[in-house]
Amino acid sequence: GLKPAQLLSSSPLSKKRRLSGTETKTGSHCSSSNSVRTDLSHTPANGMAKNGNDAEIDEGLYSRQLYVLGHEAMKRMQNSNVLISGMRGLGVEIAKNVILGGVRSVTIHDEGVAEWRDLSSQFYLREEDLGKNRAEVSQARLAELNSYVPVTGYTGPLTEDYLTKFQVVVLTNSTLDEQQNLGEFCHSKGIKLIIADTRGLFGQLFCDFGEEMIVYDTNGEQPLSAMISMITKDNAGVVTCLDEARHGFESGDYVTFTEIQGMTELNGCKPVEIKVLGPYTFSICDTSGFTDYIRGGIVSQVKMPKKISFVTSLPCISFPPEFLMTDFAKMEFPGQLHLGFQAIHAFQKKHGHLPAPWSQADGEELLALAKDVNSAQTGSAKVEQLNESLIKKLSYVAAGDLAPVNAFIGGLAAQEVMKACTGKFMPIMQWLYFDALECLAEEEGFMLTEEECAPKNCRYDGQIAVFGTKMQDLLAKQRYFLVGAGAIGCELLKNFAMIGLATGEGEVIVTDMDTIEKSNLNRQFLFRPWDVTKMKSDTAAAAVKLMNPAIKITGHQNRVGPDTERIYDDDFFESLDGVANALDNVDARMYMDRRCVYYRKPLLESGTLGTKGNVQVVIPFLTESYSSSQDPPEKSIPICTLKNFPNAIEHTLQWARDEFEGLFKQPPENAMQYLTDPKFMERTLKLPGAQPAEVLEAVYKSLVTDCPQNWADCVAWARNHWQCQYSNNIRQLLHNFPPDQLTSSGAPFWSGPKRCPHPLEFSTSNELHMDYVVAAANLFAQTYGLQGSTDRAGVIKILQDVKVPPFTPRSGVKIHVSDQELQNNNSSIDDTKLEELKAMLPSPESFQFKLTSIDFEKDDDTNFHMDFIVAASNLRAENYDIPPTDRHKSKLIAGKIIPAIATTTAAVVGLVCLELFKIIKGHKKLESYKNGFMNLALPFFAFSEPIAAPKHKYYEIDWTLWDRFEVTGLQPNGEEMTLRQFLDYFKNEHKLEITMLSQGVSMLYSFFMPAAKLKERLDLPMTEIVTKVSKKKLGKHVKALVFELCCNDLSDEDVEVPYVRYTIR
């Protein structure tokens, strides 16, 4: 669901590619006397929660995450035992994400007991748990998240000896002494260490992964490849790529070569470093001694491991702290906060507690301590000038504990755990500081009082410390519409419950028409294995009520769109305070965006794609809307590439998907419509070009020529279809364009992107051939309601008797070489042929049986769908000598799966909820809000203020997308306005002459309308014209209509004007 503009390699972010990874050591996992363990009642489906090297990765569960991390990294994770210390809000967030991720084991540690202030963000503590050890209470609830990951609670002290069992140690809520002493120890023993902390609106993250770590993949992007058109013989030979697309490489990349003719020395060479010369050229090694280049070849990027090294968190003159920037508008903050966080530790050590919320005295004292810390610094760690207001704000909110800040830092910290285990993606080097000070009041120098922020012994104490009690009352009153209860939806609901949204008169309405499936459980953390097949919205709502029983939440199962506007009508939207999108497609996002603009409600928009995430906030009258900026459309594969000239596995997979639709979905659908829908014939004959004939031929095949009587017929059909696709059609293509064919310019026809195919010979001993026949025959049988079979020996026996007609390529068969040629040749079919086809079709009455069309479903491994796709695609790949691909990657491409991981979702939603605070506080300034973009793999963060709504003008009136003309249809006399009166109103009130007027797709009025039509319309009421033109009744729920106008001003120039909201009830 990310707006892909930021994903294209031409975007500025691609400048940030470059990363790498690590081996992990395994420690024995034994419990000590301080441990608590609960055995899970539900072992995984394979019966045993095997872990370690022999463990099979459960692809059904980890599917979407595997597309982010890959199998290698997942295997390394399964060898890592992780310790997470501190089970307050931040610790439990990290633990949740790491457990979902699938490490070997997680031990959660805490020596403290649950207090009121923990409940503002610790979603696995309840009010009845106050006074109990936080790790013991959280253990059972965390253990439910993933049956493959044993979770142990530990309540004893963290001794050096205890730490040696772990490959990765995470410290939250720890003292500076602990951080430094344990940090030294971990560094010396090769244990990877992460320190994470949040203080109210501030966050801190530190990584030390040892003297030497290998990063195997620094950015998580697919390796690039390109087709070659020329290589020179030179010292530093120059490679030129085909000008189909830019190569996308960067200097310093490593590449290797295949399929080069002539300069074969480069084929399979060890990776060579390149220097980019231009969008289509780069230089490589010395090629002057090689054979002359003739043609062809593919260049492929090779990911090279990268060594990186870390220092401990101790101050050190030769290694000043290295900061990763999160916000380039706050360049000086990290250095300042580095001192501020140390000062907080000093304050705590001195007083035994944190600075009191909004205490000016404590603020002054913290500032003095920060000055002491600064003067003790050496080298570049010392700052020239302390930012006094920043340090004081840190003091005022340090005792606070905010769920959204914990979600953000906790998502990042968990991703760092995964990096530490796997060497996948670039770690944070080494300190990260974050703040969300814009959430505080906008006025400069604004102060809350100590008493409105003092603890009240309630579950929101951690939040009251930052925002005071009035904010809690505001939050409780909010009515919010949450659209979607998937990954982003679950995370939003957790945050809503923690911050106290809709816990008074307010309400959260969550809608999602989807049911829970197994692959959701890896990141949609409110769901459990026993919830599979239940509705998402109801299950999520119930789960969140356990986290905070006060939340008012209602689950719906509706898809948002024109069909549900009688439910989500004017009354509904007008009652809302705002909308949060948690969607997975652009169309629904655009629809909700239009509704929010119309009803003038704030919209919180977010999306993720693997480790990339974005947050956009839409504020009425202030910002542009989601739809204001559009992404470039996705490139579709040219038809001729699919039909005759594939050169990549993406092409053969799309071809296989088209085969699936064209064999098992469309024909049964058309045949059934022919049999049951009397208007089918009439509709079909109206189709353009050769389509009517194609459809009727397909119906005839489905009902007559191909109609099977039994299983053997299905096998015979599959075998013959195999012959057509992988032998006959290829032979025909080679008959038209022999391997040595030349183009009109004398160049080889089969070169560059055109790969020369070869036909296949069927063999029952070839597994792939049999996979195809079994899958195709079973799907074919399903469409006719016949019993299929997976008995291969039986299928081979049937195949021995199948007659495959001999094939001779024909002359005069036209094969289009380009899509241009294809378009120019849209031949229509003669009517006599159509009449013959109609006459041949059997009468619908003569059929007793039912055909069933099959909808493609990628996630069920028993339904033959992916079996068919993989076999069909890999057979075609073999025709064209394209390297085949496995089922896992085929599913990604053919199923158009969006890779996803819990860490990104948690972090993105943390940022969304910080924007929610600002909306609820009523922030008015554009610069208070932040749109965010992140890529945790790089790692990279960017925040920017939202773009202001673009201004338009007519006469001297400025307007934006948030403005409109308000026209009341009902006049004082109780009569409705007529078209004539409407036109006059705009002339008199606004000095605008309407030239065209429309409602939706209906044209109500235009200056070029025939006079008779105009005359009949002018004196009709507006609503009557609308119902007449649209041929639809207006529903009772419709309070107002939207009219679009084209207008001229008094000087007869056309002007751009807002839309009209025409109120009728």
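Which residue caps the N-terminal end of α1? The legends below begin with that helix and refer to a predicted model.

View 1. Asp58 caps the N-terminal end of α1, with a side-chain oxygen placed 3.1 Å from the backbone nitrogen of Gly60. At Leu66 the helix bends by about 105 degrees.

**View 2. An edge-to-face aromatic pair formed by Phe481 and Phe573.** The ring centres of Phe481 and Phe573 are separated by 6.2 Å, and the planes make an angle of 85 degrees. Phe481 belongs to strand β19 (residues 479–483) and Phe573 to helix α15 (residues 570–574), so the pair ties together parts that are 92 residues apart in sequence. The count for the model comes to 52 aromatic pairs.

View 3. A polar atom of the Asn736 side chain lies 2.7 Å from the backbone oxygen of Val813. Neighbours within four places in sequence aside, Asn736 is in contact with Gln741, Arg810, Val813 and Ile815. Ser811 is 75 residues away from Asn736 in sequence, yet their C-alpha atoms are 7.7 Å apart in space.

**View 4. The cis peptide bond from Leu938 to Pro939.** Omega for this bond is near -20 degrees. Pro939 is part of the loop between β25 (931–935) and β26 (940–944). Most residues other than glycine have a negative phi, and most peptide bonds are trans.

**View 5. Positive phi at Glu259.** Although Glu259 is not a glycine, its phi is positive, at about 60 degrees. Glu259 is located in the loop that runs between β11 (254–258) and β12 (272–273).

**View 6. Domains and model confidence.** The domain assignment of the protein gives domain 1 (225–302), domain 2 (682–741 + 748–881) and domain 3 (951–1063). Taken over C-alpha atoms, the centres of domain 1 and domain 3 are separated by 62 Å. The protein has a mean pLDDT of 91, and 94% of its residues reach 70 or more. Residues 1–53, however, have pLDDT below 50. Beyond near neighbours in sequence, this stretch has 161 contacts in the model.

Terms used. Residues numbered from 1 in each chain as written. Predicted model: local features only at pLDDT ≥ 70, side-chain atom pairs only at ≥ 80, totals over all residues. Heavy atoms only, no water. Bend = angle between axes of the 7 residues up to and from the residue. Helix = DSSP H or I, 4+ residues; strand = E, 2+ residues; numbered from the N terminus. Polar contact = N/O pair within 3.5 Å; in protein donor to acceptor, adjacent residues only side chain to side chain. Domains from an automatic or database assignment. pLDDT = per-residue confidence, 0-100. Contact = heavy atoms within 4.5 Å. Phe/Tyr/Trp six-rings, centres within 6.5 Å; stacked < 30°, edge-to-face > 60°.
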